[in-house]
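Open the model in your viewer and keep the selection panel at hand. The stops below say what to select next and what is there.

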Amino acid sequence: MNATPFIPLLLALGLSPLLFGVINRTKAFFAGRRGPPLLQTYFDLWKLLQKGAVYSRTTTWLFRAGPILGLAAALTAAMLMPLGHFPALIAFPGDFLLLAGLLGVMRFFTVVAALDTGSSFEGMGASREVFFSALAEPALLVALVALARQADNLSLSTMLGVVSGAHWQHSGPVLVLLVIALMIVLLAENARIPVDDPNTHLELTMIHEVMVLDHGGPDLAFILYGAGLKLWLFAALIVGMVLPKTGNVWPDLGLALGGILVVAVMVGVIESIMARLRLVIVPQLLVGAGALAAVAFLLGLA
Amino acid sequence: MLTTNLILVLVLLTNLKLLGSSRLGASIRVVAAQGMVLGLLPILAHWHELSLHFALLAVGTIAIKGVVFPWFLFRAIREADIGREIEPYVGYAASLATGAVALGVSFWVCTKLPIPENIASPWLAPVSFFSIFAGLFLIVSRKRAVNQVLGFLVLENGIYTFGVGVAARTPFLVEVGVLLDVFVAVFVMGITIFHINREFDHINTARLSVLKD
């Protein structure tokens with residue numbers, strides 16, 4: 001049996017927690033610290049999986065199902081993402097809509113589980129998360145549609161394989177706009193600075209972190225791993241658009257992996273040199289990302 | 001071709017930035033940057049038939065739109081003691097969304113127009129239409145007179161973009177005449193802002209419209 005279709009999925013499964021390590025190391029470098037080990041997220045996941053979970057009496061089965069369903073959605077989404085020259089495990093025309101939909105499902109179950117705790121604190125986080133993602137999702141979808149238009153194809157595997165090279169020469173501005181829009185969506189969707197601060201546990205500033213406060217043990221491990229996969233997916237999407245393809249299979253794969261690490265370093269740099277935006281400014285940023293994606297789409301039409 | 005497209009995208013982005021910006025000083029600088037970038041357009045759009053005519057036009061545009069106007073507007077806001085915040089009728093996010101819709105409309109309108117074949121870039125007509133729409137929107141959706149002057153400048157930039165890109169052979173005098181007209185207009189507006197401010201202690205046009213004899 002041919003194993004190549006599994007390569008992008010296996011790499012995503014194996015290496016996605018590493019991205020957090022790279023981001024934290026970059027931030028530590030900027031702060032003049034040594035920082036946690038690169039593999040810290042793997043240790044955390046291992047530790048959490050050893051633990052048992054504690055459930056509040058007010059929660060129902062939804063709270064227990066949330067992390068599992070969220071991780072399942074993230075895993076399914078990872079099957080749709082190609083890498084370098086390798087097509088995704090599942091590829092069909094229109095699969096980019098399924099990708100956006102699965103990310104929506106993942107968020108939906110996180111939000112439902114947060115609301116199920118009955119805590120007003122988590123409800124606040126859920127409300128913010130849904131508000132911001134309602135603005136980030138159109139930006140993501142329009143950017144993907146613009147990308148499909150550029151590549152003249154509806155499947156992610158072909159889209160990311162075709163774009164770059166010749167496209168950069170005749171419609172470079174369109175792709176630059178798309179990359180900027182997707183980078184903003186990446187920061188917003190993965191709860192990074194300048195939209196959300198993954199380090200704070202201060203109620204005024206939290207969005208994503210507040211929703212998972214009541215989860216513990218294996219549930220928290222699932223959520224952490226799902227977040228890593230989500231970050232990996234967005235990074236792979238951006239890298240697939242930006243990197244030129246040499247045409248050789250293995251160098252392309254190496255380039256793509258290097259590109260994903262570079263995206264993680266960039267996230268770390270952005271977190272180091274920027275402050276978190278005020279909550280009222282965040283919608284403007286996201287609508288701005290949507291406007292950029294719309295501009296790219298329209299310019300691609302003309 | 002690529003450089004022309006790059007300039008057009010920059011003009012587009014500066015328009016969006018203006019729609020979403022909440023600071024007056026930043027807005028004036030963005031309009032100045034837009035004027036400077038547009039000053040380069042005649043040179044780049046007619047690279048192969050470059051003449052003294054286009055060079056002079058570029059220098060004149062950059063000097064007036066990039067240096068004189070911002071200096072004049074900054075002086076106006078300093079003398080009239082205007083605050084830094086823009087007070088919009090329509091919020092910033094809503095303005096941005098309107099901008100995106102206006103861009104779509106301009107692209108649609110331009111598919112219906114008979115555009116000449118030898119146009120510098122396929123994006124030129126939509127981008128200039130978008131500048132005109134954005135300028136009009138800025139004029140009607142902002143309360144302060146200074147912001148309305150900025151909207152007027154963006155509107156004029158749109159017309160200029162279209163003129164430079166489409167009509168390669170516009171008489172020099174006409175272009176210089178338009179530039180002079182705009183200069184006089186901004187000059188008069190600057191003086192008016194100053195006078196309104198001295199009479200009424202503020203330049204909020206929303207409250208001016210309640211004034212009756």
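**Stop 1: chain B**

Colour chain B by secondary structure: from the N terminus on, its elements run α-α-α-α-α-α-α-α. Chain B has eight helices and zero strands. Helices (H or I, at least four residues) and strands (E, at least two) are DSSP runs, numbered from the N terminus. This is a predicted model, in which local features need pLDDT of at least 70, side-chain atom pairs count only at pLDDT 80 or more, and totals for chains, interfaces and linings use all residues. Residues are numbered from 1 along each chain as its sequence is written, and chains are lettered from A and ligands numbered from 1 in the order in which they are written.

Of the 213 residues in chain B, 44% are buried. A residue is buried if 20 or more other C-beta atoms lie within 10 Å of its own, exposed if 12 or fewer, and partly exposed in between, with C-beta atoms placed from the backbone. Take the chain B contacts between residues at least 6 apart in sequence: 74% join residues at least 24 apart. Contact means C-beta atoms, placed from the backbone, within 7 Å.

**Stop 2: Pro88(B)**

Select Pro88(B), in the loop between helix 3 (52-79) and helix 4 (92-112) of chain B. Buried or partly exposed? Pro88(B) counts as partly exposed, because it has 17 C-beta neighbours inside 10 Å. Leaving out residues up to four places away in sequence, Pro88(B) touches Ser95(B), Ser141(B), Arg142(B) and Lys143(B).

**Stop 3: where A meets B**

Show both chains. The contact takes 14 residues from chain A and 19 residues from chain B. On the chain A side, helix 7 (166-189) and helix 11 (282-301) each supply at least two residues. Helix 11 of chain A gives the most, with 11 residues. The chain A side divides into 10 nonpolar, four polar and no charged residues. Here Ala, Val, Leu, Ile, Met, Phe, Trp, Tyr, Cys and Pro count as nonpolar, Asp, Glu, Lys and Arg as charged, and the others, Gly among them, as polar.

**Stop 4: a helix pair in chain A**

Select residues 61-78 (helix 3) and 218-242 (helix 9) of chain A: the axes come within 9 Å and cross at roughly 25°. Helix 3 and helix 9 of chain A are therefore roughly parallel to each other (angles under 35 degrees). Residues that meet here include Leu71(A) and Leu75(A) from helix 3, and Phe222(A) and Leu229(A) from helix 9. This contact divides into 12 nonpolar, two polar and two charged residues.

**Stop 5**

Most residues other than glycine have a negative phi, and most peptide bonds are trans. Go to Asp152(A), not a glycine, with a positive phi of about 60°. Asp152(A) sits in the loop between helix 5 (120-151) and helix 6 (156-162) of chain A. Asp152(A) is exposed, with 10 other C-beta atoms within 10 Å.

Next, Ala191(A): its phi is also positive, about 55°. Ala191(A) is in the loop between helix 7 and helix 8 of chain A. Ala191(A) counts as buried, because it has 20 C-beta neighbours inside 10 Å. Finish at Pro194(A), in the loop between helix 7 and helix 8 (208-211) of chain A. A cis peptide bond joins Ile193(A) to Pro194(A), with omega about 10°.

Definitions and conventions: Two residues are in contact if their C-beta atoms, placed from the backbone, lie within 7 Å. Axes are lines fitted to C-alpha atoms, for helices over the stretch in contact, and angles run from 0 to 180 degrees between N-to-C directions. Angles under 35 degrees count as roughly parallel, over 145 as roughly antiparallel, 65 to 115 as roughly perpendicular and the rest as oblique.
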